[in-house]
Amino acid sequence: MRFEDLLRSCNLADGELAMIGIVFRLAGGIGLFLLGMSLLSDGLKAFAGDALRQALVRFTGRPAKAFVSGALATALVQSSGATTVAVIGFVSAGLLTFAQSVGLVMGASLGTTSTGWIVSILGLRVSFGFYALPLVGIGAFMKLLARGRWRSLGLALAGFGLIFVGIETLQAGMQGLAGSFQLQALPADGLMGRALMVLIGLVLTVIMQSSSAAVATTMTALHAGSIFFEQAALLVIGAAIGATVTGALAAIGASVPTKRTVLAHVIFNLGTGLIALFLLPLFLRGLQWAQLHLGLDPGAASLAAFHTAFITLGVAVFLPVVERFSAWIERVLPDKGPKLTHHLDPTLMSVPAVALEASRRALSETACELFNGIRDGLVNYRQVSEPAWTLELQQALDRTQQFLAGIPPVANEAPLSQTRIAQMHAVAHLARLWSYLQPPVVLRQAIIPEPLSDTVDLVREILHLGEAGLHGRAEADWLSGIEGKSAEVTQLHREGRPVVLSRAAAGGRDAAMALSMLDAMRWLDRVGYHAWRISHYLGGEGRAEAIMVEVRQPVDE
């Protein structure tokens, strides 16, 4: 029995049957479109792999450059949400400054308008749904039979095809809806009428969880004659504002970098939407001029142009003042959390590569603080480390270790596994260096004995170079410099130890003083060694060669 016959057996009237058919087509069309967008986005992200993340970070400099990167990335993966989530992760991990993230978010808002152009040019002008079916089949077979990244490309192809199948199904539903309802009767004039249409667009976006789907549905309704152009324009403005609602809800209870990024997104989209709302008559006149003199299609293509135009205007208003805008948001939402572990955001766990970078930066901050503390103890001889400060270091190390342990493993990602192992080595060396935080008594005197003075100077240089290198302020060969100085400290320990013992045995030095000097030599050797290994594992080489065997140990007595 056909489904239509089953419905008729329920004694439903023809009008009710027609309405059920319209609802089914609309729901199915929207569902297929959303599924296609999701598959396309996930497939492209997986096909690009870590290259997309690296490209976003590498080609993100000043906020204007970040804006271009965000627009291109969003147009590529067809998901402003994916770009925004990535940006939040990068800011939390310390890969991007907040000002750069604001530029990326603006770019993502502009990049998402590319979906409207695809729908208006390919989805509505041509009956592309039938011809897209083979793409769905080819993509499905690639997902099942191909290997490696080609499976992800198959997923993207299937998603691309489903987008147009969904648009065609949505068109059929909208045509039926136009014949059953007079949606044009909804008010679009006056402040209340415009506010109502914007609210409908906002609610539509929240329900669909996708501004692209809301814009595509609006374009389909306009193409089917269900609504007027001005109504469609107001719906698109509402969709742009509604795109921020999901992020705003997700920011509840999130980290400060996440809240800042979401607040910037909300303010930008809301401000841009209000600008478009107040300047709507000017936009409509501009579109009419483009239709008369540039041959712009008066339907969905004009709506896509309107969407791009008002987002571009918003960018033109906000981007020149992005530095002051970002500074204002940072003042509104100050970061009052622990300084050393503020990069550790639990939301990063879904992206292991970014989470590992966050833990590396937290370990680097802790290492630099530890290096500076020990170096200050060697400069200010009578300085004693404050208990609160040492406890803060210990807590930072413990929290980072717990965060690192919680990062999920990634199969077939050898570089990430090596990075994880490198950081585990760094944690072990940091814990040992923390136990050497307090210099021996002989090193906290006003005058350091002569055999130790050269070694003390070398260790100071190691700690200073390690702190500068981990903060990115040292020369390119800083790791080699630390390794060489650490080896020199070990050599001085080997050579100086028998000299001190022989002088004590010959009566040339007090036995207690000799033992204190031996303790100081061993302490300096261990500090220099652990500082070198920490720098190696966190500073560059250790990340690429994380499984390297400890090639040199300090002198053991």
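Arg522 is partly exposed, because its relative accessibility is 26%, and partly exposed here means between buried, under 20% relative accessible area, and exposed, over 50%, with a 1.4 Å probe and protein chains only. This is a predicted model, so a word on limits: local features need pLDDT of at least 70, side-chain atom pairs count only at pLDDT 80 or more, and totals for chains, interfaces and linings use all residues. Residues are numbered from 1 along each chain as its sequence is written, and side-chain values use heavy atoms, with hydrogens and water left out.

Back to Arg522. Its side chain meets that of Asp519 in a salt bridge, 2.6 Å from N to O; the term stands for a side-chain nitrogen of Lys or Arg within 4 Å of a carboxyl oxygen of Asp or Glu. Both residues lie in helix H23, residues 511-539, 3 residues apart, about one turn of the helix. Helices are DSSP runs of H or I with at least four residues, numbered from the N terminus. Asp519 is also partly exposed, at 35%.

The count of salt bridges comes to 7. Another one joins Arg460 and Asp457 at 3.3 Å, N to O, with both residues in helix H21, residues 450-470. Next, helix H18, residues 352-379, holds Glu357 and Arg361, 4 residues apart, and their side chains meet at 2.9 Å, N to O. Glu357 is buried at 13% relative accessibility, while Arg361 is partly exposed at 25%. Glu357, Arg360 and Arg361 are linked in a network of salt bridges.

How many cavities of 30 Å³ or more does a search of the whole structure find? The search finds 5. A cavity is a set of points, on a 1 Å grid over the protein atoms alone, where a 1.4 Å probe fits but cannot get out; lining residues have an atom within 4 Å of a point. The largest cavity holds about 90 Å³, a volume being the space filled by probe spheres set on the points, which are joined across faces, edges and corners. Its lining has 12 residues, and Thr112, Ser211, Ala240, Ala243 and Asn269 lie nearest the centre. Helices H11 (211-223), H12 (229-242), H14 (256-278) and H16 (300-318) each give two or more residues to that lining.

Last, Leu222, which is found in helix H11. Leu222 is buried, with a relative accessible area of 12%. Leu222 and Gly299 are 77 residues apart in sequence and 6.9 Å apart in space, C-alpha to C-alpha.

Technical notes: On a 1 Å grid over the protein atoms alone, a cavity is a set of points where a 1.4 Å probe fits but cannot get out, and a pocket is an open set with protein on both sides within 12 Å along at least five of seven lines; lining residues have an atom within 4 Å of a point.
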